[in-house]
Amino acid sequence: MTEIEQVRRGRRTRWLLAALAGVAVLGTGAVVVVARVAAGSADEGPPPAAPVETVEVTRDDLAEQAKVDGTLGYGAEREVAGRKPGTITWLPGAGEVVDRGEPVYKVDDKPVPLFYGVVPFYRELGEGAGTGPDVKVLEENLRDLGFGGFGKPDEKFTAATATAVRKWQKSLEQEQTGRVAPADVVVDSGALRVSSVSAKLGGEGTGPLLKATGTERVVTLEVEVAKQGMFKTGDKVDLSIAGGKQVKGTVSAIGTEVETDSGEENAPGAEEKPKVAVTVTLDDPATAGFDAAPVEVVVTTGQREGVLVVPVGALLALAEGGYAVEVVEGAQRRLVAVDPGLFAGGKVEVSGDGLAEGTKVVTTS
């Protein structure tokens, strides 16, 4: 009789093998717990030996993964405010896309076009304006719209820059002043997709006009601050769109602002957990299939290559602490203490004295 059979069949002490739901860090699986229970009757005979299921220890690669809910869309909205005094005479419609040089809105029938850039115009630019990063934004946009002649865009406003500005103004049928005021253009990081319009025709050209997003479909998700380490910019993730289509994506941005109010209704007594926004770009945007849809994001949080693994059901959590597997050697069985490593896909990485690929162990799964 083996050591395990002795502890399981003794008249004075019985041991109960109970399969409990065990949850490892970001992994799941059943762990068998060996626990002492009440002594049995002296008159009870030994229970019949039950057949056991065995499995061989294998060498495999493990990938630990976590799932987070996200939303397919065009990314976070941002408000576009007008700074041009006058009467609004034209506005784009929801869903329309505004590219570089195209009007975002019109005031007194004069277009206020979109320029790409990260530095908004904060002063009037013209001869005598000196240097600054806003000048470079102006020259980059003039060049890309076909109004160059000042050389490589830089931060210096020259007479050649003023000439290019006049040509651009002529193309818009505007007064050719050679000067650009902050209210004359809208500067944003790229093309805009109008999501909603709040301003009205005939209204004042200053103040909030509309909300817009980028034009690229992305997946956004809110991740608890405590778990944001799961994501790193550039990481590859798997996406399940609307519970069906499987596509690949790349983590493109991780927010730096912590949000404490998600707008979701919490269970009574539950505290709102601070979260950060994570953005995932589809590797092939054409595969999205929808403009908006729920998305399940699967991220790999840990990997181990070429390690010894067993089914989670083969892992014994000992009542006195620690873990073991039950090794089968012919008609004999014995416990071998192990150190569990990564849990993934119903398997667990194990290491222990004498444990090798091909070793047969008892399992419940």
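Rings of Phe, Tyr and Trp (for Trp, the six-membered ring) pair if their centres lie within 6.5 Å; planes under 30 degrees apart count as stacked, over 60 as edge-to-face and the rest as tilted. By this rule the count comes to two aromatic pairs. The rings of Phe 115 and Phe 121 have centres 6.2 Å apart and planes at 80 degrees, so this pair is edge-to-face. The rings of Phe 115 and Trp 168 have centres 5.3 Å apart and planes at 50 degrees, so that pair is tilted. Phe 115 lies in strand E8 and Trp 168 in helix H3, so the pair ties together parts that are 53 residues apart in sequence. Ring pairs link Phe 115, Phe 121 and Trp 168 into a cluster. Phe 115 and Phe 121 are both buried, and Trp 168 is buried too. Buried means under 20% relative accessible area, exposed over 50%, and partly exposed in between (1.4 Å probe, protein chains only).

The model is predicted: local features need pLDDT of at least 70, side-chain atom pairs count only at pLDDT 80 or more, and totals for chains, interfaces and linings use all residues. Residues are numbered from 1 along each chain as its sequence is written, and side-chain values use heavy atoms, with hydrogens and water left out.

Now the whole chain. The protein chain has three helices and 21 strands. Helices (H or I, at least four residues) and strands (E, at least two) are DSSP runs, numbered from the N terminus. Of the 365 residues in the protein chain, 38% are buried. Contact means heavy atoms within 4.5 Å. Among contacts with a separation of 6 or more, 64% come from residues 24 or more positions apart.

In H2, Leu 138, Glu 139 and Leu 142 meet Thr 161, Ala 164, Val 165 and Trp 168 in H3. By class, this contact of H2 with H3 has five nonpolar, one polar and one charged residues. Ala, Val, Leu, Ile, Met, Phe, Trp, Tyr, Cys and Pro count as nonpolar, Asp, Glu, Lys and Arg as charged, and the others, Gly among them, as polar.

How do the two helices cross? The axes of H2 and H3 (residues 159-171) come within 11 Å and cross at roughly 50 degrees. That makes H2 oblique to H3. Axes are lines fitted to C-alpha atoms, for helices over the stretch in contact, and angles run from 0 to 180 degrees between N-to-C directions. Angles under 35 degrees count as roughly parallel, over 145 as roughly antiparallel, 65 to 115 as roughly perpendicular and the rest as oblique. The crossing of H2 and H3 is left-handed: the near helix is turned anticlockwise from the far one by less than a right angle, whereas clockwise would be right-handed.

Stay in H2 (residues 133-144), which also holds Glu 140. Glu 140 is partly exposed, at 26% relative accessible area. Leaving aside neighbours within four places in sequence, Glu 140 is in contact with Arg 100 and Pro 153. Glu 140 and Pro 153 are 13 residues apart in sequence and 5.7 Å apart in space, C-alpha to C-alpha.

Finally, return to strand E8. The loop between strand E7 (103-107) and strand E8 (110-116) holds Asp 108, and Asp 109 lies in the loop between E7 and E8 as well. Asp 108 has a positive phi of about 55 degrees, although it is not a glycine. For Asp 109, also not a glycine, phi is positive and near 65 degrees. Asp 108 is partly exposed, at 45% relative accessibility. Asp 109 is exposed, with a relative accessible area of 57%.
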